[in-house]
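Welcome, and thanks for taking a look at this chain. Please open the sequence and the 3D view side by side, and we will walk through them together.

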Amino acid sequence: MQQKVAEWYNDVPLSNNLSAMKLSTMLFTSLSISIAALSISYGYARRDLGAPDRPLWATTIEDLKQICGLKLATAAQYEREAASAQNAGSKVQTQLYNALAHSEHIHVRNYMRALNKLGSRYIRRALAPEMGVAATSGFPRSIALERYLVDSRHEQSILNALDDNSNYAARIVAWTSGSDVKHILLLEQCAMACEGRCAPPSGYVVCPTCGNTSDCEHADCYCPFCMTPSGSFVHFLVSISEE
Ligand SMILES: [Zn+2]
């Protein structure tokens with residue numbers, strides 16, 4: 001019987017055995033190559049995202065939300081300052097704060113748009129206590145608010161946005177930062193004018209696209225930040241004769 005089985009085995013064509021082995025080898029090789037290609041593609045995709053261990057744009061979204069909240073609080077502060085200055089009869093101070101509040105609201109609008117582009121949105125919340133300028137008032141308080149944003153928030157937020165590959169968000173923060181530096185200069189100029197140490201400006205203009213603010217005497221033909229033509233600027237004029 002054993003001899004019979006050996007004969008049957010020997011009767012199976014050798015070429016059939018070899019073909020089956022070749023087919024198995026080819027299938028195994030193809031499967032291995034496919035798995036390797038998928039692994040490499042996945043690795044590249046994760047590397048391109050830049051932040052494999054955290055949600056996409058998480059740092060930038062948090063930065064934009066925090067600055068948006070601070071901007072809203074600043075706009076509200078400037079509206080109170082404008083009302084106070086109007087009651088005190090100072091037209092230049094009133095118009096400066098009206099212009100600054102308008103600028104801050106444009107910043108807020110741009111931050112909200114940036115958050116929407118990143119798939120998020122701003123939810124209003126209480127002002128962060130870290131600003132630490134509650135003890136002061138008037139021009140010193142306003143300048144402290146602006147300096148806090150310029151010195152402590154904008155630069156790192158721009159770097160975070162670039163690191164997150166969000167050039168749009170980085171540009172919005174850069175516009176805000178440049179605009180806030182101008183706010184500080186205008187507040188200092190207005191403080192000096194109110195003390196009689198320099199002539200008050202004839203008014204202020206605000207770029208409706210980025211919120212850049214200038215006095216009328218130094219307004220550009222085009223916004224130096226976003227290239228909006230001066231014909232679109234919003235004017236807050238001061239009647240010098242009433243000062
Ligand atoms: Zn502009």
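V206 stands opposite T213 in strand β2. Altogether, strand β1 (residues 203-206) and β2 pair in the antiparallel sense over 3 bridges; two strands count as paired if DSSP finds at least two bridges between them. On these names, helices (H or I, at least four residues) and strands (E, at least two) are DSSP runs, numbered from the N terminus.

Before going further, here is how to read the picture. Residues are numbered from 1 along each chain as its sequence is written. The model is predicted, so local features need pLDDT of at least 70 and side-chain atom pairs count only at pLDDT 80 or more, while totals for chains, interfaces and linings use all residues.

Now follow β1 to its other partner. Strands β1 and β3 run antiparallel and are joined by 4 bridges, and in this pairing Y204 stands opposite F236 of β3. Together the 3 strands form an open sheet in the order β2-β1-β3, with antiparallel pairing. Which strands form the edges? They are β2 (213-215) and β3 (234-237), each of which pairs on one side only. On average, neighbouring strands of this sheet are turned by 20 degrees against each other, direction ignored; such angles run from 0 to 180 degrees between N-to-C directions, and axes are lines fitted to C-alpha atoms, for helices over the stretch in contact.

In a regular strand the side chains alternate between the two faces of the sheet. For β1, both faces are covered: G203 and V205 on one side are buried, and so are Y204 and V206 on the other. Here a residue is buried if 20 or more other C-beta atoms lie within 10 Å of its own, exposed if 12 or fewer, and partly exposed in between, with C-beta atoms placed from the backbone. The hairpin of β1 and β2 has 6 residues between the strands, and among them G211 takes a positive phi near 90 degrees.

Let us step back to the whole chain. There are 6 helices and 3 strands, and along the sequence they follow the pattern α-α-α-α-α-α-β-β-β. Of the 243 residues in the chain, 32% are buried.

Turn next to the helices. Helix α3 (residues 58-88) has 31 residues and reaches 45 Å from its first C-alpha to its last, close to the 45 Å expected at 1.5 Å a residue. The expected span is 1.5 Å times one less than the number of residues. After α3 comes G89, with a positive phi near 85 degrees. Helix α4 has 27 residues and spans 39 Å between its first and last C-alpha, close to the 39 Å expected at 1.5 Å a residue. Most of α4 is covered, as 19 of its 27 residues are buried. Just after α4, G119 has a positive phi of about 80 degrees.

How do these helices meet? Two packed helices are described by the angle between their axes and the distance between the axes. Helices α3 and α4 (residues 91-117) pack at an angle of about 160 degrees, with their axes 8 Å apart. That makes α3 roughly antiparallel to α4; the cut-offs are under 35 degrees for roughly parallel, over 145 for roughly antiparallel, 65 to 115 for roughly perpendicular, and oblique for the rest. By class, their contact has 17 nonpolar, 7 polar and 5 charged residues. In this grouping, Ala, Val, Leu, Ile, Met, Phe, Trp, Tyr, Cys and Pro count as nonpolar, Asp, Glu, Lys and Arg as charged, and the others, Gly among them, as polar.

A second pair is found further along. The axes of α5 (residues 138-163) and α6 (residues 167-194) come within 9 Å and cross at roughly 160 degrees, which makes α5 roughly antiparallel to α6. Their contact has 15 nonpolar, 6 polar and 4 charged residues.

Finally, look at two loop residues. Most residues other than glycine have a negative phi, and most peptide bonds are trans. W57, in the loop between α2 (14-49) and α3, has a positive phi near 60 degrees. M227, in the loop between β2 and β3, also has a positive phi, near 70 degrees. Are these two residues buried or exposed? W57 is buried, with 24 other C-beta atoms within 10 Å, whereas M227 counts as exposed, with 11 C-beta neighbours inside 10 Å.
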